[in-house]
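Colleague: I am new to this one. Can we go through it in short questions and answers?

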Amino acid sequence: MNAVSLLFHDVYAADPRESGFASNAADRYKLSAADFDAQLLGLASVRRDVSQQDPFLITVDDGGVSYYTLLADRLEALGWRGHCFVSTDV
């Protein structure tokens, strides 16, 4: 059995600089909340019977406060959990 890991960096509501590292380089890896919702919807549409498929992991690397303010509730609503690396100093 293989596990699939889906890596995200950060999600923002209105401005990429509202969470996580603030730079042009970091901003290109961030998703708007609407784009993140579309990613989750797409994943949910192909992962209806997880027990019959390889497991998947949702990871967030170098994310900011958005993991708490935007991502966690969205994952919880689907009954999913995420794994987050929290940066404590920039």
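Colleague: Which residues is Thr-59 in contact with, leaving aside its neighbours within four places in sequence?
Modeller: A word first: this is a predicted model. Thr-59 sits in strand S4, residues 56–63. Leaving aside neighbours within four places in sequence, its contacts are Ser-5, Leu-6, Leu-7, Phe-8 and His-83.

Colleague: Is Thr-59 buried or exposed?
Modeller: The cut-off for buried is under 20% relative accessible area. Thr-59 has a relative accessible area of 18%, so Thr-59 is buried.

Colleague: In what order do the elements of the protein chain run from the N terminus on?
Modeller: Start with the inventory. The chain has three helices and five strands. From the N terminus on, their order is β-β-α-β-α-β-α-β.

Colleague: What share of the contacts with a separation of 6 or more is between residues 24 or more positions apart?
Modeller: Take the contacts in the protein chain with a separation of 6 or more. The share that joins residues 24 or more positions apart is 57%.

Colleague: How are the planes of Phe-8 and Phe-36 arranged in their aromatic pair?
Modeller: The structure has two aromatic pairs. In this one, the ring centres of Phe-8 and Phe-36 are 5.0 Å apart. Planes over 60 degrees apart count as edge-to-face. The planes here stand at 85°, so the pair is edge-to-face.

Colleague: How many residues apart are Phe-8 and Phe-36?
Modeller: The pair links distant parts of the chain. Phe-8 belongs to strand S1, residues 4–8, and Phe-36 to helix H2. Their separation is 28 residues.

Colleague: What is the angle between the planes of Phe-56 and Trp-80?
Modeller: Phe-56 and Trp-80 form an aromatic pair that is edge-to-face. The distance is 5.0 Å centre to centre, and the angle between the planes is 80°.

Colleague: Which parts of the chain does the pair of Phe-56 and Trp-80 tie together?
Modeller: Phe-56 counts as buried at 15% relative accessibility. Trp-80 is buried too, with a relative accessible area of 13%. The two are 24 residues apart in sequence, so the pair ties together strand S4 and the loop between H3 and strand S5 (82–86).

Colleague: What distance separates the end C-alpha atoms of helix H2?
Modeller: Helix H2 covers residues 33–46, which makes 14 residues. At 1.5 Å a residue, the helix should span 20 Å. The end C-alpha atoms agree with that, at a distance of 20 Å.

Colleague: Within what arc do the buried residues of H2 fall?
Modeller: The buried residues of H2 are Ala-33, Phe-36, Leu-40 and Leu-43. Seen down the axis, they line one face of the helix, because they fall within an arc of 85°.

Colleague: Which exposed residues does the face of H2 turned away from its buried side carry?
Modeller: Look at the face turned away from the buried side of H2. Its exposed residues are Ala-34, Leu-41 and Val-46.

Colleague: Which parts does the salt bridge of Asp-37 and Arg-74 tie together?
Modeller: The side chains of Asp-37 and Arg-74 meet at 2.5 Å, N to O. They lie 37 residues apart in sequence, so the pair ties together helix H2 and helix H3 (residues 66–77).

Colleague: Are Asp-37 and Arg-74 buried or partly exposed?
Modeller: Asp-37 has 32% relative accessibility. Arg-74 has a relative accessible area of 24%. Both count as partly exposed.

Colleague: Which residues do salt bridges that share partners join into one network?
Modeller: The structure has four salt bridges. Arg-17 bridges to Asp-27 with the closest N and O atoms 2.6 Å apart. Lys-30 also bridges to Asp-27, at 3.5 Å between the closest N and O atoms. The network is Arg-17, Asp-27 and Lys-30.

Definitions and conventions. Residues numbered from 1 in each chain as written. Predicted model: local features only at pLDDT ≥ 70, side-chain atom pairs only at ≥ 80, totals over all residues. Heavy atoms only, no water. Helix = DSSP H or I, 4+ residues; strand = E, 2+ residues; numbered from the N terminus. Expected span 1.5 Å × (residues − 1). Buried < 20%, exposed > 50% of the residue type's maximum accessible area, 1.4 Å probe, protein only. Arc of directions from axis to C-beta. Contact = heavy atoms within 4.5 Å. Phe/Tyr/Trp six-rings, centres within 6.5 Å; stacked < 30°, edge-to-face > 60°.
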